[in-house]
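The sequence and the structure are shown first.

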Amino acid sequence: MYMLKLLKVFMACIPICMLCGCWSKIEVNDRAFARVMLLDRTNEGIEMTLGFPLPNRLASTSKGGGGGSSSKPFTFVTKTGKDIGEAFQKIQADLTRRVTFGQLRHIVIGKEFAQSGLKPVVDFAARDFSIHINAYLFISEEKAKRVTSIPITFEEFPTDILSQFAKERQTIMVTVRDMLMSTYNRGDLVIPMLVFGRQGVASEENKENWMGTDGAGVIRNGKMIGKLTNEETQGALWLLKQLNYSAYKVNSPRDNKPVNFLIRNASTHLKAQVHGDDISIQIECKAMAGILGTESDINVTEPTELRKLEVLLNEEIKDRIRRAVAVSKTLKSDVFQFANYIKWRYPGRWKELRPAWEELYADKVRVDPKVNISVKWFGTSQRPQWNRTLPDAEEHK
């Protein structure tokens, strides 16, 4: 009987022992949550800057307390090391809290760093399991550290500005996951670019540091070797199935005056076809459009006139897609991952094509975009009202 009671006590203690897993815990108050990582090349090695929110200042900021730079609810810490790991350890050594990347949302890489190669970033992201794989990547036209000096006008944190760029899909969305996956496809990738000081709000301080997007960097074998313009980036958004909405302008066939459209509900379907030596990528793009404004007197309520505008709009989008593809071919960088479509549909043939894919893509692959845009709404004014309500100045001279 005694042994039976002892056995019951022992069995009851087993679950309790299994719950003793808090020996390595780190309290939230002991953590520093990095929201953005900035990476630059220097003569001493790699310069890392981490941006952190400051919870102890959030309350006073929300109440309007303070006003100087010391009341900002965020801070940046910068250190330089021979590699990313050493720079990070130096930052950690100077902080009273344990740095965690669970809330990391953005990694901004300086242009010089990107041109020298992204291998250190790939290696660090692959080894540190705490790095958020959905963090967005950007390349800065200048030093990435310049992000620390941008004026905060519409958002509370600098990282919120970068989040909005990605959320609105006005530029390409590329994440750490995409970067890691690209390593299995020769490291070809396209990453959005950031520029500073080209435009800004006139009333804001530091307006010369106003940050915006400008095209995208073309990565080949892990190194930045070229760039897409803004219009070419618009074509890339179609190819990457990332277009949310976008504005386009065409000249009216009636009087050559501009007509502005807003594209919505865009969708893209890609299909690879391989027949002998003929390799093609079929691209079908569809969307709806509305008229934002026009200086033309064309009557968009007439189906024949509207169809002429749709044809011009389709050609404008095709042109941007072709130009984006042409740049990637010239640079021999399959940034749109066309190889994956061939590999999925023709796995046996892909084994033959893979060794010489860079040359094949540049010289042999035919990309055929087909665009079908339907203009579905015209706003509250369907006809060119000024033609009926405003007198022609020439007639009253």
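Accessible areas come from the Shrake-Rupley method with a 1.4 Å probe, and for residues only the protein chains shown count as cover. On this basis the protein chain exposes about 21600 Å², of which carbon and sulfur atoms supply 52%. The model is predicted: local features need pLDDT of at least 70, side-chain atom pairs count only at pLDDT 80 or more, and totals for chains, interfaces and linings use all residues. Residues are numbered from 1 along each chain as its sequence is written, and side-chain values use heavy atoms, with hydrogens and water left out.

The protein chain has 13 helices and 14 strands; these are DSSP runs numbered from the N terminus (helices H or I, at least four residues; strands E, at least two). Of its 397 residues, 44% are buried, where buried means under 20% relative accessible area, exposed over 50% and partly exposed in between (1.4 Å probe, protein chains only). Contact means heavy atoms within 4.5 Å. Among contacts in the protein chain with a separation of 6 or more, 71% join residues 24 or more positions apart.

A nonpolar core is a set of buried Ala, Val, Leu, Ile, Met, Phe, Trp, Tyr and Cys residues joined through side-chain atoms within 4.5 Å. The largest has 91 residues, and Phe101, Trp238 and Ile263 have the most contacts inside it. Helix H9 (residues 303-330) provides the largest share of this core, eight residues. A second, separate core of 13 residues includes Ala144, Ile161, Phe165 and Met211. Beyond its neighbours within four places in sequence, Trp238 contacts residues including Tyr248, Ile263, Cys285 and Ile317.

The structure holds nine aromatic pairs. Rings of Phe, Tyr and Trp (its six-membered ring) pair if their centres lie within 6.5 Å; planes under 30 degrees apart count as stacked, over 60 as edge-to-face and the rest as tilted. Two of the pairs are tabulated.

| Pair | Centre distance | Plane angle | Class |
|---|---|---|---|
| Tyr341 and Trp344 | 5.4 Å | 65° | edge-to-face |
| Trp350 and Trp357 | 5.4 Å | 70° | edge-to-face |

Tyr341 and Trp344 are three residues apart in helix H10 (residues 338-345), and are therefore separated by about one helical turn. Tyr341 is buried at 18% relative accessible area, whereas Trp344 is exposed at 61%.
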